[in-house]
Amino acid sequence: MALDWGIVAEMALVLMAWSLLYRENFFFKIAEALVIGWFMSMSLVVGLDILKGRVYVPLVVEGKWLSPTLIVTILGLFYLARLHKDTRWLARWPISLMAGVASAVAVKGVVYAQIIRLVTMKSWAAGGMTAFNNIVILVFTVTGLSYFIFTREHKGALGAVSSFGLYALMITFGWVAGTYLMSLISMSVGHMRTLMQVPGIYVSAVGVIVLVIGIIYDQKKAKTIV
Amino acid sequence: MILVGKKFELILFLIILGLIYYMIDRARRGIKTPKVRKLAALQALREVVGQAAEQHKPIHISTGIGGLHDEWAPMTIAAMAIFRKVAEYAGEFGVPLKYYCIRAHMIPAMEDLIQAGYTKGGRPEMYNSDMVEFVGDGQQRAYMAAVMGYISREKPAANIMLGAGFYETYIVLGSGAVAGCLQVAGTPRLYYQGTVVALSDYPVIGQELYAAAAAITENPPDLGSLAGQDYGIVICSILMIVTALLATVGATLWSQLLAW
Amino acid sequence: MSWLRRREVCIALYVIPVLIILINHFTGQLAAAQSEVILWASTLATFAILLGVINLSQHHITIIARKSKRWPYSIILLAAFLSTFIFNYAYKPGYDFVITRLLSSLQMALLAYVGFYSYTVFFRASGTKNPHVIVLLISMLLGLFYNLPMRDMIWTGWGPLGVWVKDVPNTGGMNALLIGVALGTLTLFLRTILGYEESYLGG
Amino acid sequence: MSVKEWFARRENQDRTIFVLYFILIAYPMLSPMGLPIPIGEPTIESYELLENVPEGGVIVIVSDEGFPSWAELGPGEIAVYRHAFKKVREDDCKIVLLTSYVVDGQILTERCLSNVDLTGLEYGKHWVQLGYIPGYEAVLSAMMDDLKGIAPIDQFGTPTKDIPMLEDINSIDDYDYLYACTFTAMDVYIRQWGEKALARGVPIIINMLSGTVPLAMPYYRAGTMTSYLNSVTAGSGYEKLIGRPGMGAALMDAQSTAHLLGIAVILFAQGAFMIKLLSKPKEVAA
């Protein structure tokens, strides 16, 4: 069977990237340089494609010179004005416009999604466990919020409430971290699947062996120093 | 004129902004500047930079993958406000900073910010353009590789990550923890709160990032805005109790308001 | 023309799109203008990539010219960048091979680090007597047990307990955090509009 | 140097955890342990909803997963594809495939199709691939009213008005099952589809990362999202339901061990600290 050099190269790259687990080394530095270089060219290719579609085609090919696109193009080219000392400040204009759009997009969603929908509490009328749960949600929300009061010293009643609130927040953080981290681990497990089947498993085995040898070697060295 | 179902939203929006504006205005005119509760992370910043100076090691700063062009812009702006101060301290103590730039449009902003900070701190000559290094626009994996490599190579004294973080939060804070950096971290993004609390020496929880961005300037209007924000919290708390009571007695006022 | 340098111009450039988007949000009258400015923002972000490429090349060319630390890696980086970029136009299969095979396996390897460092999170969080962090750990453990596929083999109570924690205390804390962040966003927004916050302009 | 001293060094602690992680993941993947796979309520619900699509019904599949999330979402996605094409074979249903978020989805659609038995089925008659239509929310919103309007051509360049299958398929009135697979915010789909789909009683099923499930719960409880698939957990369950165990099952075992390692790490680190604290109270206090 002919050896697929593509797979060999892929697996070698994986090992190089993982070699950091042992320590910073020659191979990882190469992998780092390659990753940045390749991603950079990918960014540039994708970016040029977008600019071609949004700027070059309407302005040059279709010849629509007098259009809002021209303003964007000029503003966009202001970034390059940074390369000269006297025009450096021009780059602030596109940034301001962009930040304005982005902030407005963020703010317009905030009031409904993060305030009105969340302050809508449920009824206590049902009694029993449902009512208890709804009261607990209300108490946790109010106390949790009180932790974010900044212009009053957290002493006395506010101090007590806000310290309870911090515990309420911690429960949420722990829960979210526990479930979310695990979802990340499942993701990484899924990616490692190819490395756990033939031929990837050979690469992983080599990786683990190198790691173990590295650890033992380090220990030996540490011993001689001690 | 106003869309159906948006009238109450608009009113609430204007009330909250109005309150914040009122408090800013009061502080600006010197009527009352509120006292802001001490935030551990803010207090520690100067000390963190000072320690880096003692160890003659650099500081790594990160704003995460969020940029100024997407809905995470407010978080990035808040983070930049704090980094402006960090750069000032760095200039004061003579500590080099390192920032990997994952969004191309952040290059000019961060370069200017760091340079202005060093100038203000008294060491303008320390700034050099290598401090801001670009690694690919929105290319999270390239960023992860660059930061992991940098932290395990240079072992910076401190690792400060503020702003909108995604997966790279684990990488930045995780490799910082393995390398034994002093860590200050904070993001308002829900998923990463636990990680931030677990891995950093001085965590900044949720909204504290915005508050810190305002408090760090020590400008009366900025401090005033925090008082306005606190009234916002009071309004929200009252609304919660009211909606709970309304739902309990079976009134439909709230849903009518929302549909208005 | 010195007035063009003033920060008021920048703040005006910030405020105009804000007004368009917010007015459209509440009245629905400026839909076309809104989609136009949103497109502008994304086009402007793309333009910045050109600056980014120049920044990166300058940085590494300086390193190579000065023969400073790690200069051979800068050569590798630039070679990888340029060769792939040229491949895209000259030899498309080459570009596809680099991006879909080599780069994707490197991505996979780097994403595995997210898994590794997740354990670092667990490990570093533990070993504390800070009561807040202990609550965090207990809640984290509950989350782990709840998501464990074989949880019912250990104790059948994990499911109901997990559902309760997820639906009740977790919802409370989440609400508090999100409302707080919303108020913070509004405050920062107002401060930016009024010109008190200008860190995005670079100090 | 004793083991204790060795372990006290920071880098060794992390290396140990990494090695353990490797071994614990590799072991179940090489020799599956066959741990029981729980099938969640929503998974069964999703399965039954698809099973209940009437004869000749139209199934819309929006593949918005990206390469990074493929490992998690892939098993469920392939299972759903298999099930949907089974419906085509048995009940003469029709399938519309499209991607709205990133171009990755289009490539992964092909990957899914390569896992499905397509013999005897005809492109353009039984299913149609509209490919990647840029625009995300705008596309999702527009496909409710005018599918052919936003997709004038299919993935292969054929004008959609010439495709026989799409003759009577153009808006929400013609769909019977809306399925989306996403690795970002799920609320976008609910926002654009929820109201109109609810009015016609068309189910919306979303296959999402387990990290975003908490955010989806309010919609699920309110009924605007009919059901959901929780990434690989649901994927392996779904495989079991359609009777074709695949890569999901092997992943589940590895996930179990990964979770157990997480639990063990926390208990070990905290336990060791507590023991130290109790045995030498003075030293720690100082």
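**Sheet in chain D.** I looked up the open sheet of chain D first: its six strands follow the order β3-β2-β1-β4-β5-β6, with parallel pairing. Two strands pair here if DSSP finds at least two bridges between them, and strands (E, at least two residues) and helices (H or I, at least four) are DSSP runs, numbered from the N terminus. A reminder to myself: strands of a sheet pair through backbone hydrogen bonds, either parallel or antiparallel.

**A note on the source.** This is a predicted model, where local features need pLDDT of at least 70 and side-chain atom pairs count only at pLDDT 80 or more, while totals for chains, interfaces and linings use all residues. Residues are numbered from 1 along each chain as its sequence is written, with chains lettered from A and ligands numbered from 1 in the order in which they are written.

Which strands stand at the edges? I found β3 (127-132) and β6 (227-230) of chain D there; each has a single partner strand, so one side of each is left without a neighbour in the sheet.

**A strand pair.** I then checked β1 (residues 58-64) and β2 (residues 94-99) of chain D, which run parallel and are joined by five bridges. In this pair, D:Val58 stands opposite D:Lys94 of β2(D).

**Chains C and A.** Next I turned to the interface: 90 residues of chain C are in contact with 88 residues of chain A (contact: C-beta atoms, placed from the backbone, within 7 Å). Which element of chain C gives the largest share of its side? I noted α8(C), with 18 residues.

Notes. Two residues are in contact if their C-beta atoms, placed from the backbone, lie within 7 Å.
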